Amino acid sequence: MNYWWRRLALSLGAVFALVVVYAWLYQLGMAAFEGETKTFAQALQIVIESLTTAGFGGDAGWDSTAMNLFVVGMNLTGVLLVFLALPLLVVPLFQQALQDRPPESTDLTDHVVICGYSPRSDVLADELEAANVPYVFVDDDPELVVDLSNDGTEAIYGELDQEETLRAANAGEARSLVTDVDDETNAVVILTARELSSDLTIVSVVEDEDVASYHRYAGADETVRPRRVLGQSLATKATTTLSAELRDTIELSEDLEVTELLVQDDSDLVGRTVAESGIRDRMGITVIGAWFNGEFVPVPGPDHRIDGNTILLVAGRRDDLTELKARAVSTLEHRPENVIVGGYGVVGRTAVETLAGNGVSTTVVDLADEPGVDVVGSITDEDVFETAGADEARSVLLTVNDDATTIYATLVLKQVAPDIEIIARANETENIPKLYRAGAEYVLSLSTVTGRMLASVLIEEEEILTPETQFELVRTTAPQISGRSLGEVDLRARTGCTVVAVERDGELLTDLGPEFVVTEDDALIVAGDDEAINRFVALAC
């Protein structure tokens, strides 16, 4: 709207200047050609009457040809101004008035206010919808808000750092507020929201770890650092694939742990079906699910064939999982343990720190020539990877903040070093399958980590145990299926989830057959991918 005010002001200024010039010329013309002296006010009146074609007053009927032509010119100018005003001002203003206007308020209560929309917000939105928690996005991009509203998403337009915007979002009656813009804007939003309500739960997404304390001082109740968690997770995945030792597990009890296992190309599991591998029957391990080329299959059947780079989601005793991990790694000669890290932002720096803490050497590639960077250049350049020693490295972590660059770099790496293991960061979940098709062995998105971490804080009934893995493991009650057996509910078929264990009266129950009946106070530990978990929460919680 400011644009139209400026355009209108400029147009009016131009018309005013034209009137003044015409009035001055009319004064001169009347004195020179008609021998009459006119005041500026009289000349101004005649000019306005001529431009508006309202008449000419007492001056009508000029003797000189010059003055008649001058008046004709003023009349034509007035007509021209009318025709110019229609396409330049009047029609666009009518068109804008007819266009969708972004909503600027909401009537929601007991909801979550999410300040700032980005593609990574979709995971959080899905989690909230599954838990039946209302939410509203607040953004300062009117076109984005209109698009969200047209798609059926509750969203309002407003300046994020203004108290009236948060009032319009009903922040005073909200259960919590999330701010996920940038570190500086988040701090201002926190201060504004805290001034509005002292009871509102405020959660801030922090990019730079050093500013987390500032956000808490400003009034944030919780700060989450998904980029740091993502960097640690990617680095941990690299260290676990370098060794046959079982490192990356979620311990549910002394007798039950859950983990992801990447089956490497030269493993003796490759080419065998689940039944032939003996994972279930001989080793007593439960296969909760598996990723085949980036597609999650819940509880794969005995005829599913394990390929290189299949990721198994398994649960069992630690000794059994350790034995399976040893079978999942390569049986060929030991390869170098150096890891190339592409990108040295927050995620890349955290990954380097984590790898160094595990005794793994790194070679850092980045566009910026700064301390900590070993090779300066683009990760999409073959020569850069050759300089970094890709043909001698065990793995490469791609941590840059651009999915298109990461996908292209994956394709380049498969040409430069076909056998290198690629562990990649994605920003948007929709790009994960593309990275797998390009050749990545393991992909984790910032959207997934951010959404899960926020959901774990915001949804009281649901505890997400694994914000930093491809699969989701949650601990939650299931009141909607209380009194019914697992076989009767058939959760696997209806949701794609697996109930790994049940906590009842302080005891963890793992022997869960189809006849197991869920009680009201049971806490179910459920595993699956994000969509499956959301279906489960919507059905059972």
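Is Asp505 buried or exposed, and at what relative accessibility? Asp505 counts as exposed, at 79% relative accessibility. The legends below concern a predicted model, in which local features need pLDDT of at least 70, side-chain atom pairs count only at pLDDT 80 or more, and totals for chains, interfaces and linings use all residues. Residues are numbered from 1 along each chain as its sequence is written, and side-chain values use heavy atoms, with hydrogens and water left out.

**View A. Asp505 in the loop between strand S20 (498-504) and strand S21 (507-509).** Phi of Asp505 is positive, about 55°, although Asp505 is not a glycine. Strands (E, at least two residues) and helices (H or I, at least four) are DSSP runs numbered from the N terminus. Exposed means over 50% relative accessible area, buried under 20%, and partly exposed in between (1.4 Å probe, protein chains only).

**View B. Asp490 in the loop between helix H17 (486-489) and helix H18 (491-495).** Asp490 is not a glycine, yet its phi is positive, near 55°. With a relative accessible area of 38%, Asp490 is partly exposed.

**View C. The second largest cavity, with a volume of about 40 Å³.** A cavity is a set of points on a 1 Å grid over the protein atoms alone where a 1.4 Å probe fits but cannot get out; lining residues have an atom within 4 Å of a point. Points are joined across faces, edges and corners, and the volume is the space filled by probe spheres set on them. The lining includes Ile114, Arg120, Val178 and Asp180. Helix H4 (121-130) and helix H16 (446-458) each supply at least two lining residues.

Conventions: On a 1 Å grid over the protein atoms alone, a cavity is a set of points where a 1.4 Å probe fits but cannot get out, and a pocket is an open set with protein on both sides within 12 Å along at least five of seven lines; lining residues have an atom within 4 Å of a point.
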